[in-house]
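Please keep the sequence and the coordinates at hand while reading.

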Amino acid sequence: MDYKDIIRMALDESAEDLARALDGLTAHERRFQPSEESNHVDYMVWHVARAEDDWINAIIGQGRTIWSRDGWADRLGLPIEGNGYGMTADEARDLPQYDAGLMQQYAGSVRQETLAYLDSTTPEALDDTRDAGWRVVQVGGALSHLMVEIAEHVGHIAYIRGMMRGLDQ
Amino acid sequence: MYHRDLIRWGLEETARDMAQALDGLTAEERRHQPTPEANHIDFIVWHLTRVEDMWIQQFAQGKPSIWEADGWAEKAGFHHDKLGYGMDIGFGYTIEQVRDLPAYDHDVMDQYVSAVRQSTLAYLDAATVEELSAPREVPVPQWNPFSVGFSLSRILVEQNQHIGHIAYIRGMQRGINK
């Protein structure tokens, strides 16, 4: 077991938990906001995949995101720029309705790239630094952050589901 | 030993995010349940720390939990004889058990949280890759065989999902980034 296994296990567990939290939710449930300033599930699912894409392909990979490279913004009818970070409550509420199945395909492609990238890393490469724009990060630090951020968003989604459906339903 | 840095960074970010999500919350806000079956923050903080304690003390090192060994139940005002549920770490609680969790002293709980985390980091500092990878057995059949490395990855994921719950409950009560 090495750092790759730790990251892979964490990402796998988050993916399983995300699938369970989303399983069978209606379009209406995915837009539910328990308070005016609370994010809805549709926002979160898009944001978390876009953020992973940014970290892996734009910041660490110093290339284009899959979002821009493969035309996902057009296919999903969502903004080409931005990943939702810093959106106002109004903007999050007004996020265009998208095709949830298509979003799942996008999230799947992002994850595939992430795992392929992870396989290709060496411990030395994890010490490299990247300028993320708002701060300079180590590649390893970015990967550690990704595990944390994804799990937090999965927690948001699971909590929203629980409020709507009740305990473990 | 890159696995160690990675987990340490993850745990540090987790602790920062939790502190931020809890900062300045009142006792009432910490007991807020947006629906009758939704967990409150006091339950979540206690539960996520008890789980870390279980993995690191009991399962990784075969020792009693810090909760039991150092009398934290008593210090925090818990009465496990009344709750008396299995391992009693909040896992599998009914919604009544969650609702009726004792209203504990938050400073005492913070101290317990720190004691557990200190022990986790000390364990991590000493753990080799071989130790982290070794297959082990725990009393929960569906988790077997497990390794400590797996449990550390699991702690990161589980704790951050719980911190997501806490942050979401805070946001519902206070609004965006407040």
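The model is predicted, not experimental. In it, 38 residues of chain B are in contact with 35 residues of chain A. The largest nonpolar core holds 69 residues, and helices of chain A together with helices of chain B supply residues to this core.

**Chain A**

- Chain A contains eight helices and two strands, and its elements run α-α-α-α-α-α-α-β-β-α from the N terminus on.
- The radius of gyration of chain A is 16 Å, close to the 15 Å that the globule rule gives for 169 residues, so chain A is as compact as a globular protein of that length.
- Taken along the principal axes, the C-alpha atoms of chain A fill a box of roughly 45 × 35 × 25 Å.
- In chain A, 36% of the 169 residues count as buried.
- Of the contacts in chain A between residues at least 6 apart in sequence, 67% join residues at least 24 apart.

**Chain B**

- Chain B has 10 helices and zero strands, which gives the pattern α-α-α-α-α-α-α-α-α-α along the sequence.
- A compact globule of 178 residues would have a radius of gyration near 16 Å, and the 16 Å of chain B agrees with this.
- The box filled by the C-alpha atoms of chain B is roughly 45 × 40 × 30 Å along the principal axes.
- Buried residues account for 39% of the 178 residues in chain B.
- In chain B, 68% of the contacts with a separation of 6 or more are between residues 24 or more positions apart.

- On the side of chain B that touches chain A, the elements giving two or more residues are H1, helix H9 (129-133) and H10 of chain B.
- H10(B) provides the largest share of this side, 17 residues.
- By class, the side of chain B that touches chain A comprises 18 nonpolar, 15 polar and five charged residues.

**Nonpolar cores**

- Within the largest nonpolar core, the residues that touch the most other members are Ile6(A), Ala10(A), Met147(A), Ile157(A), Leu156(B) and Ile166(B).
- From chain A, helix H1 (3-22), helix H3 (41-60), helix H4 (66-69), helix H7 (100-120) and helix H8 (139-165) each supply at least two residues of this core.
- From chain B, helix H1 (2-22), helix H3 (41-61) and helix H10 (148-174) likewise each supply at least two residues.
- The largest share of this core, 12 residues, is contributed by H10(B).
- Leu156(B) touches residues of both chains: Ala10(A), Met147(A), Val148(A) and Ala151(A), as well as Ile7(B), Gly10(B) and Thr14(B), leaving aside residues up to four places away in sequence.
- A second, separate core has seven residues, among them Ile66(B), Trp67(B), Ala73(B) and Val116(B).

**The pair H3(A) and H8(A)**

- The axes of H3(A) and H8(A) come within 10 Å and cross at roughly 175 degrees.
- Because angles over 145 degrees count as roughly antiparallel, H3(A) is roughly antiparallel to H8(A).
- H3(A) makes this contact through Val41(A), Met44(A), Val48(A), Ala51(A), Glu52(A), Trp55(A), Ile59(A) and Ile60(A).
- H8(A) takes part through Val139(A), Ala142(A), Leu146(A), Glu149(A), Ile150(A), His153(A), His156(A), Ile157(A) and Ile160(A).
- The residues of this contact divide into 13 nonpolar, two polar and two charged.

**Backbone details**

- Gln62(A) lies in the loop between H3 and H4 of chain A and has a positive phi of about 50 degrees although it is not a glycine.
- Gln62(A) has 9 other C-beta atoms within 10 Å and is therefore exposed, the limit for that class being 12 or fewer.
- The peptide bond from Asn144(B) to Pro145(B) is cis, with omega near -15 degrees; Pro145(B) is found in the loop between H9 and H10 of chain B.
- Asn177(B) sits in the segment after H10 of chain B, and its phi, near 50 degrees, is a positive value in a residue other than glycine.
- Asn177(B) is exposed, with 9 other C-beta atoms within 10 Å.
- The C-alpha atoms of Asn177(B) and Tyr123(B) are separated by 35 Å, and the two residues are 54 residues apart along the chain.

Terms used:
Residues numbered from 1 in each chain as written. Chains lettered and ligands numbered in written order. Predicted model: local features only at pLDDT ≥ 70, side-chain atom pairs only at ≥ 80, totals over all residues. Core = buried A, V, L, I, M, F, W, Y, C linked by C-beta atoms within 7 Å. Buried ≥ 20, exposed ≤ 12 C-beta atoms within 10 Å, placed from the backbone. Helix = DSSP H or I, 4+ residues; strand = E, 2+ residues; numbered from the N terminus. Contact = placed C-beta atoms within 7 Å. Axes fitted to C-alpha atoms, helices over the stretch in contact; angles between N-to-C directions. Parallel < 35°, antiparallel > 145°, perpendicular 65-115°, else oblique. Nonpolar A, V, L, I, M, F, W, Y, C, P; charged D, E, K, R; others polar. Rg over C-alpha atoms; globule rule 2.2 N^0.38 Å.
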